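I am opening a new page for this structure and will write down what I look up, one entry after another.

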Amino acid sequence: MAESVYKIIELVGTSTKSWEEAAKSAVDMASKSLRELRIAEITKLDMKLEDGKIAAYRARVQVSFKYEAGK
């Protein structure tokens, strides 16, 4: 197997429905501009509150993708 290098970035996805939808939103957006996504790790879940009620679910996601130098 050839040696590879991967870059990790952190994203925050949001949803008014669920943490799962928030995480999916982050990965879906990343996949539009990054190639060869490998792993998505949810590192933190939280909620945005307005007037004491849940306004949005937020998922902090670390996404790794293959690093290609010079591209």
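Entry one. I began with Tyr57, keeping in mind that this is a predicted model, and I found that Tyr57 is buried, because its relative accessible area is 17% and buried means under 20%.

Entry two. I then searched the whole structure for aromatic pairs, and the search gave one. It is formed by the rings of Trp19 and Tyr57, whose centres are 5.2 Å apart and whose planes stand at 75 degrees, so I noted the pair as edge-to-face, since planes over 60 degrees apart count as such. I also looked up where the two partners sit: Trp19 belongs to helix 1 (residues 19–33) and Tyr57 to strand 3 (residues 53–66), so the pair ties together parts that are 38 residues apart in sequence. For Trp19 I wrote down a relative accessibility of 29%, which means that Trp19 counts as partly exposed.

Next I turned to Ser18, which has its place in the loop between strand 1 (6–15) and helix 1. Is Ser18 buried or exposed? Ser18 is buried, because its relative accessible area is 16%. I also noted that a polar atom of the Ser18 side chain lies 3.5 Å from the backbone nitrogen of Glu20.

Notes. Residues numbered from 1 in each chain as written. Predicted model: local features only at pLDDT ≥ 70, side-chain atom pairs only at ≥ 80, totals over all residues. Heavy atoms only, no water. Phe/Tyr/Trp six-rings, centres within 6.5 Å; stacked < 30°, edge-to-face > 60°. Helix = DSSP H or I, 4+ residues; strand = E, 2+ residues; numbered from the N terminus. Buried < 20%, exposed > 50% of the residue type's maximum accessible area, 1.4 Å probe, protein only. Polar contact = N/O pair within 3.5 Å; in protein donor to acceptor, adjacent residues only side chain to side chain.
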